[in-house]
Amino acid sequence: MSLRVAVIGAGVAGVHVATRLAQDGHLVTLFDRESEICQGASGNPAGAFHAHLSKHDVPLSRLTRLGVQATLNSLQFLTKSGWMVKGHDWDNTGHIQLTDDAADAARWHAIWLANPHLHAQVQWLAPDEVSARLGIATQQAGLLYADAGWVVPRAWCNALIAHATNVVDNTGRGRLEVRWSKTIESVHVDVDGRCTLDGVAYDRVVIAAAFDSLALHEQAGVTAQRVKGQVSLIQAPHNLPHVVSGAAYAVPLPQQRWLIGATFERPAVDCAGTLGAAPGGSAVPAHRSQPLWTPPKTTNQQQPGRTRH
């Protein structure tokens with residue numbers, strides 16, 4: 001049975017839900033208040049993905065491994081189908097998570113030792129091994145997540161919509177309609193469980209609007225907070241073979257660029273974007289943390305700060 005479904009929010013989460021439901025034969029309308037895709041929490045030039053490691057391999061950790069595998073399956077399928085280009089729209093470069101100090105290194109090393117069944121996927125790196133891989137001198141140890149990498153959210157979501165539209169058109173089943181520049185103020189739920197928004201009744205409504213989701217439908221015991229960060233696109237001082245994260249993060253992108261940045265305010269009150277940069281051209285405020293590297297100031301191409309909800 002086909003359902004009439006509304007999805008609010010055209011970021012990574014909303015687009016995945018909408019396109020999957022449409023391909024399964026449902027009648028889907030995707031709403032977003034912006035005029036194009038991935039303009040909210042999914043709006044960074046690139047995003048990094050890797051699994052979560054915990055001492056007792058808790059359900060969250062197992063779930064993130066499934067998420068990474070699902071992400072790679074999606075990206076590889078869309079690449080094989082001609083909708084994406086590996087090395088341009090995404091890459092599984094691996095991800096090095098740096099430790100903060102000796103105590104932090106000891107803690108993460110103990111967590112890694114407690115998960116021998118994951119050692120094929122997650123490798124412990126001593127400081128000299130980190131230095132050799134990154135081409136910089138560092139005293140920081142780290143974890144290398146071999147299956148991890150980066151993706152351009154806009155490219156991924158555009159590919160998902162293009163593929164789903166093609167499937168719907170070829171099979172004659174389902175529907176995917178995207179309505180841009182449409183702000184949904186409220187969702188009304190009838191006594192029979194049907195939902196009404198924008199004057200239309202839907203069998204199901206999926207809210208994927210990040211921080212604004214709770215304003216549309218409050219849930220007891222569920223809270224959310226705004227998180228503010230800043231990113232910079234810079235000309236790469238040298239080759240970076242992996243995504244790297246620590247006090248900040250660095251993502252190697254095509255055309256010899258790095259995306260560097262950090263989350264530095266939670267909860268955030270003033271969410272306006274800024275053009276300010278820390279010393280050395282890093283997007284990381286000097287009073288909160290030090291940059292991973294100090295790129296040449298002449299190559300910095302500062303981007304406005306983005307608020308991630």
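The structure is a predicted model, with a mean pLDDT of 86 over the protein and with 87% of its residues reaching 70 or more.

**Confidence**

- Where pLDDT is low, the predicted coordinates should not be read in detail.

**The sheet**

- An open sheet is formed by 3 strands, which follow the order S3-S8-S4 and pair in an antiparallel way.
- Strand S3, covering residues 47-49, and strand S4, covering residues 90-91, stand at the edges with a single partner strand each, so one side of each strand is left without a neighbour in the sheet.
- Strand S4 is joined by 2 bridges to strand S8, which spans residues 149-151, and these two strands run antiparallel.
- Within this pairing, Asp 91 has Trp 150 of S8 as its bridge partner.

**Ser 131 in helix H4**

- Ser 131 lies in helix H4, which is made up of residues 127-134.
- The relative accessible area of Ser 131 is 16%, and because the cut-off for a buried residue is under 20%, Ser 131 counts as buried.
- When neighbours within four places in sequence are left aside, Ser 131 is in contact with Ile 136, Ala 137 and Thr 138.

**Ala 159 in helix H5**

- Ala 159 is placed in helix H5, which runs over residues 153-171, and with a relative accessibility of 3% this residue is buried.
- Not counting residues up to four places away in sequence, Ala 159 touches Leu 78, Trp 83 and Met 84.
- Ser 81 is 78 residues from Ala 159 in sequence, while the C-alpha to C-alpha separation of the two residues in space is 9.8 Å.

**Cavities**

- Rolling a probe the size of a water molecule over the atoms shows where empty space is left.
- The structure holds 2 cavities of 30 Å³ or more, and the second largest cavity has a volume of about 40 Å³.
- The second largest cavity is lined by Ala 51, His 52, Leu 53, Arg 65, Leu 118, Gln 121, Val 122 and Tyr 145.
- By residue type, the lining of the second largest cavity comprises 5 nonpolar, 2 polar and 1 charged residues.

Definitions and conventions
Residues numbered from 1 in each chain as written. Predicted model: local features only at pLDDT ≥ 70, side-chain atom pairs only at ≥ 80, totals over all residues. Heavy atoms only, no water. Pairing = 2+ DSSP bridges. Helix = DSSP H or I, 4+ residues; strand = E, 2+ residues; numbered from the N terminus. Buried < 20%, exposed > 50% of the residue type's maximum accessible area, 1.4 Å probe, protein only. Contact = heavy atoms within 4.5 Å. 1 Å grid on protein atoms, 1.4 Å probe; cavity = no way out; pocket = protein on both sides within 12 Å on 5 of 7 lines; lining within 4 Å. Points joined across faces, edges and corners; volume = space filled by probe spheres on them. Nonpolar A, V, L, I, M, F, W, Y, C, P; charged D, E, K, R; others polar. pLDDT = per-residue confidence, 0-100.
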